[in-house]
Amino acid sequence: MRDMLGSCSGRRYADKSGTLAAIADERKRRLTSMEIKKIMVIGAGQMGGGIAQVSAQAGFDTVQYDINMDLVNKGIAVMEKNLAWDVAKGKKTDSEKAEILGRIKPSISLEDAADCDLVVEAIIENFDIKKDVFSQLDKITPPHAILASNTSSLPITRIAACTRRPEQVIGMHFMNPVPVMKLVEIIRGLATSDDVYNTIEAASIEMGKVPVWCKDVPGFISNRVLQVMINEALWELYEGVAPAENIDNIMKLGMNHPMGPCALADLIGLDTVLAILNVMYEGYGDPKYRPSPLLKQYVQAGWLGRKAGKGIFDYS
């Protein structure tokens, strides 16, 4: 896809061929029957909350769902903090902040998806749980609705098979932190239609993101490359090659990475890293994806990274 400049605020910036807005508007002119006005985000955690924020920033009516109101309120509180930071930096006004938060409806009922045009699932990397969610959404959402998953490794084709509308199921893999990172990795399942892909591409651009597509393979592109590096760092740590600080400093200072693989693993969540590696190990049968024993130990101990206060590094 040609180079594009985007902003997580949903503002429109020009590129060589015109503007992101012009591209998105052209998509919508051609696909008026699939116009997206209302979005539900399933999960109010680190990823789901970020997706809900960029959705509301782009002007979409947004339903933020989780299994209890404490989780929903916690996610919205993080959005408020993010937006307050933008106001303090002069990136937004107080009125813009209020408008964005005003577009977000808290929810603890999947039935609130009954009038949504797009649902983006952003929950734990567990196929059985996702299967249950997608099966319910398939019954609740209107026939035209698109069902998207923010999964970072699970097959979209397999998720789509849990519904009666596999042509309307697609992967929207946002990057962490969502309000900051420009990429959305779009994954087409075996049955995903061209119209659905084009609609999601346009919606991603409206959210200020740069959509890049790939085929439905375990780990897609991003994690197939990234997690091998993270896993190798954990193998080196397990073998005593060097402490985590040294591994990270070598990658930052020698390879110009903004964050070392150990710190990045803690940011992602070590349980998520392990789940992704297991999917790729099972999917490819290649030992290069075999998780480090140390990674497994960290997860067993509950040392999941930043969200737990302890992982490879201590955040207490």
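Author: Two strands pair if DSSP finds at least two bridges between them. Keep that in mind for this predicted model.

Reader: Which residue stands opposite Ala148 in strand 8?

Author: Ile170 does. Strand 7 and strand 8 run parallel, joined by three bridges.

Reader: And which residue of strand 7 stands opposite Leu118?

Author: Ile146. Here strand 6 and strand 7 pair, again over bridges in the parallel sense, four of them.

Reader: Which way do the residues of strand 7 point?

Author: Ile146 and Ala148 point one way, Leu147 and Ser149 the other. Each of these four is buried.

Reader: How should I read a nonpolar core?

Author: In soluble globular proteins, nonpolar side chains tend to be buried together. In this model the largest nonpolar core has 33 residues. Those with the most contacts inside it are Ile39, Leu118, Ile170, Met172, Phe174 and Ile200.

Reader: Which elements supply at least two residues each?

Author: Among the helices are helix 2 (46-57), helix 3 (69-88) and helix 7 (194-206). The strands include strand 3 (38-42), strand 6 (118-121), strand 7 (146-149), strand 8 (169-174) and strand 9 (183-188). Helix 2 gives the most, five residues.

Reader: What is Ile39 in contact with, leaving aside neighbours within four places in sequence?

Author: Ser55, Phe60, Asp61, Thr62, Val63, Cys116, Leu118, Val120 and Met207.

Notes:
Residues are numbered from 1 along each chain as its sequence is written. This is a predicted model: local features need pLDDT of at least 70, side-chain atom pairs count only at pLDDT 80 or more; totals for chains, interfaces and linings use all residues. Side-chain values use heavy atoms; hydrogens and water are left out. A nonpolar core is a set of buried Ala, Val, Leu, Ile, Met, Phe, Trp, Tyr and Cys residues joined through side-chain atoms within 4.5 Å. Buried means under 20% relative accessible area, exposed over 50%, partly exposed in between (1.4 Å probe, protein chains only). Contact means heavy atoms within 4.5 Å.
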